[in-house]
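The sequence and structure come first.

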Amino acid sequence: ARAHLDEGALPRHAEAMALAERMAGVGSWSWEADTAEVHWSPGMHELLGSPAEGPTRLDEVLHPEDVDRYAAAIDRMIAEEAPFDEEYRVVRPDGTTRWLHGRAQVERDDRGRLVRIVGFVQDVHDRKQAELAQAATEAELARHREILEQIAVGAPVDDTLEAICRLVEADYPGALCSFLLVDAT
């Protein structure tokens, strides 16, 4: 065991772990209950686009729309021993938003007291963007299908034109759509 504790082993190990995190697109963190200290790995700082001396509180970089959901999931994990397994967005110092997937668990002592929370985070931005784009495409196709069904069943022209206007206005926020019928046919 002493051979593994020679001088320089820890820095080499830390460098190897940092490289592994970078390759995997992950970062890790821990929060100590007795001191409220948070420790972020180099991979965590890299994922968040922050320097090593940068923030170590995720609530400082969470997207405002995700703060409450994230906090509720952490509270649930602590109170109910529920697993923390969430996707959320962070806003990097350069203003870009990234989707992350985080997992964490609570560590307790023999008396059941909270000692620490440990977790890891993985960048899932590209996958999440693809999922959101696919969902938007499917929603648009559903709206088109609704209009085609109205035409197929012979729905009143006014209803069909109204549905088309709603579709155009949804695709172009701020636009106002209208049809002008030049005669009854």
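In this predicted model, the sulfur of Cys 165 has its closest cysteine sulfur in Cys 177, at 3.1 Å, which is too far for a bond. A disulfide would need the two sulfur atoms within 2.5 Å. The table gives the surface exposure of the two residues.

| Residue | Relative accessible area | Class |
|---|---|---|
| Cys 165 | 7% | buried |
| Cys 177 | 21% | partly exposed |

**Confidence**

How far does the confidence of the model reach along the chain? The mean pLDDT is 86, and 92% of the residues reach 70 or more. Among the elements of the chain, β4 has the highest mean pLDDT, 95, while helix α1 (residues 9–24) has the lowest, 73. Over residues 1–5 pLDDT stays under 50, and the model has one contact beyond four places in sequence for this stretch. Where pLDDT is low, the predicted coordinates should not be read in detail.

**Nonpolar core**

The largest nonpolar core has 20 residues, of which Leu 48, Leu 58, Phe 84, Tyr 88 and Val 90 touch the most other members. At least two residues of this core come from each of α2 (42–48), α3 (67–80), β3 (84–91), β4 (97–108) and β5 (114–123). The largest share, four residues, is supplied by α3.

Which residues are in contact with Leu 48, leaving aside its neighbours within four places in sequence? They are Trp 40, Leu 58, Val 61, Val 90, Arg 92, Pro 93 and Leu 100. Two of these partners, Leu 58 and Val 90, are also named among the core residues that touch the most other members.

**Largest pocket**

The volume of the largest pocket is about 450 Å³. It is lined by 17 residues, and those closest to its centre are Trp 31, Val 38, Leu 58, Asp 59 and Tyr 70. Elements that each supply at least two lining residues are β1 (26–32), β2 (38–40) and α3. With five residues, α3 gives the most to this lining.

Notes. Residues are numbered from 1 along each chain as its sequence is written. This is a predicted model: local features need pLDDT of at least 70, side-chain atom pairs count only at pLDDT 80 or more; totals for chains, interfaces and linings use all residues. Side-chain values use heavy atoms; hydrogens and water are left out. A nonpolar core is a set of buried Ala, Val, Leu, Ile, Met, Phe, Trp, Tyr and Cys residues joined through side-chain atoms within 4.5 Å. Buried means under 20% relative accessible area, exposed over 50%, partly exposed in between (1.4 Å probe, protein chains only). Contact means heavy atoms within 4.5 Å. pLDDT is the predictor's confidence in each residue, from 0 to 100. On a 1 Å grid over the protein atoms alone, a cavity is a set of points where a 1.4 Å probe fits but cannot get out, and a pocket is an open set with protein on both sides within 12 Å along at least five of seven lines; lining residues have an atom within 4 Å of a point. Grid points are joined across faces, edges and corners, and a volume is the space filled by probe spheres set on the points.
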